[in-house]
Amino acid sequence: MSGEDEEIRAGGETAGDGIRGTARGTAPVPLSVLDLVTVGAGSTASRAVRTAVDIARTAERRGFHRYWVAEHHSMPGVASSSPAVLLAHLAAHTERIRLGSGGVMLPNHAPLVIAEQFGTLEAMAPGRIDLGLGRAPGTDGATAAALRRTERLHEGADEFPAQLAELTRFLDDSFPDGHPYAKIHAVPGPVQATSPGGVQDPHRPPLWLLGSSGFSARLAGTLGLPFAFAHHFSAANTLPALDLYRASFRPSEALAEPYALIGVAALAADEEREARRQVMTGALSMVRLRTGRPGLVPSPEEAEAYRFNELERGFVDSWLGNVIHGTPDAVRHGLDDLAKRTGADELMITANAHGGAARLRSYELIADAYGLPA
């Protein structure tokens, strides 16, 4: 084995297929992190990015399997509009944990650009990059139109699979002879191995499909890809989508058997009251987002002082019903129950709170509850 191979093996968890994780401590399945890089009232995007680095490094140290960021646009309280840029920064501050997008919204971008960005990330952090793809715009219709320079949004049942197929061919450098793109190559990428003196890079970012309904579940199953479901904001659809994914699954070069993770909102604190106080900041933030008033994540004091009307209270009660929060033991029991009910292969935890300290503390407490290495 070459020194370079040794470096790759030491620098990333490259065993297996690059998809399946290993449950650690007493966790029922591998645990991972989804970070929205939230910006709280009274704080800045710079501080949010520094907190993202702290969370990624904490997750790595405590044995979480992967850390993903999600593409959102025109939302003052979310600083993750450019996943590839964030992931490059995080790659420079971590050594082993898998990093990825949860997800990049494929219809917002030319497939060639995504292949180039994630090929570059793979060169920066070999064997550690995941490419999760979503079909939704990650924003409102007007912003999506501005991103795409068109008034027509391409998210239909015919267009998304075609976009996905084009991206896959750029990643694999596999357009057939005679195709208009046959002589176009995503660089960094496989074409470099066919150039004089070229050496094949052993890694290519695994593709994941993300979804909150049945469309991507069925497509991921049909293509034999891993599937990530947004339980944290579409809990009613979780079981039907996972059932559809498993029933539709066809073995592929990527996977011999289905592999599904679910995103779950969870926050632990030393005391139940403090956990409730923290998650209410996320609840108020969601109320404002759903009523067309997106802003910075409010402070706990602002959330406590806010008077919800009847409709808002109904929304908050429903939303909080899908947020696992409380003491570390309570959160552990909630996560255990969710893993058992859904049969998920991995739980990806997102912490909804105003400040970075509360979110960091939550991941530490959850790790402690499962006996993950300190």
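1. Basis of the note. The model is predicted, so local features need pLDDT of at least 70 and side-chain atom pairs count only at pLDDT 80 or more, while totals for chains, interfaces and linings use all residues. Residues are numbered from 1 along each chain as its sequence is written, and side-chain values use heavy atoms, with hydrogens and water left out.

2. The cavity. One cavity of 30 Å³ or more is counted, and the largest cavity has a volume of about 50 Å³. A cavity is a set of points, on a 1 Å grid over the protein atoms alone, where a 1.4 Å probe fits but cannot get out; lining residues have an atom within 4 Å of a point. Grid points are joined across faces, edges and corners, and the volume is the space filled by probe spheres set on the points.

3. Lining of the cavity. Val33, Leu34, Asp35, Leu36, Thr38, Ile55, Thr350, Ala351, Arg359 and Tyr363 line the largest cavity. Two or more of these residues come from each of β1 (31–35) and α14 (356–369), and β1 gives the largest share, three residues. Helices (H or I, at least four residues) and strands (E, at least two) are DSSP runs, numbered from the N terminus. The lining has six nonpolar, two polar and two charged residues. Here Ala, Val, Leu, Ile, Met, Phe, Trp, Tyr, Cys and Pro count as nonpolar, Asp, Glu, Lys and Arg as charged, and the others, Gly among them, as polar.

4. Packing of α2 on α14. Helix α2 (residues 45–62) and α14 pack at an angle of about 5 degrees, with their axes 10 Å apart. The two helices are therefore roughly parallel, a term for angles under 35 degrees. Axes are lines fitted to C-alpha atoms, for helices over the stretch in contact, and angles run from 0 to 180 degrees between N-to-C directions. Thr51, Asp54, Ile55, Thr58, Arg61 and Arg62 in α2 meet Gly356, Arg359, Leu360, Tyr363, Glu364, Ala367 and Asp368 in α14, where contact means heavy atoms within 4.5 Å. By class, this contact has four nonpolar, three polar and six charged residues. Ile55, Arg359 and Tyr363 also belong to the lining of the largest cavity.

5. The largest pocket. About 1200 Å³ of space lies in the largest pocket. A pocket is an open set of grid points with protein on both sides within 12 Å along at least five of seven lines. Of its 50 lining residues, Leu36, His72, Met75, His232 and Phe233 are the closest to the centre. Elements that each supply at least two lining residues include β3 (98–105), α8 (214–223) and β9 (346–350); α10 gives the most, with six residues. The lining has 26 nonpolar, 19 polar and five charged residues.

6. Packing of α8 on α9. The axes of α8 and helix α9 (residues 238–248) come within 7 Å and cross at roughly 20 degrees, which means that α8 is roughly parallel to α9. Among the residues making this contact are Gly214, Ala217 and Gly221 of α8 and Ala241, Leu244 and Ser248 of α9. The contact has five nonpolar, four polar and one charged residues.

7. Packing of α3 on α4. Helix α3 (residues 83–92) and helix α4 (residues 111–124) have axes that come within 10 Å and cross at roughly 5 degrees. Ala84, Leu87 and Ala88 of α3 make the contact with Gln117, Phe118, Leu121 and Met124 of α4. By class, six residues here are nonpolar, one is polar and none is charged.

Notes: Parallel < 35°, antiparallel > 145°, perpendicular 65-115°, else oblique.
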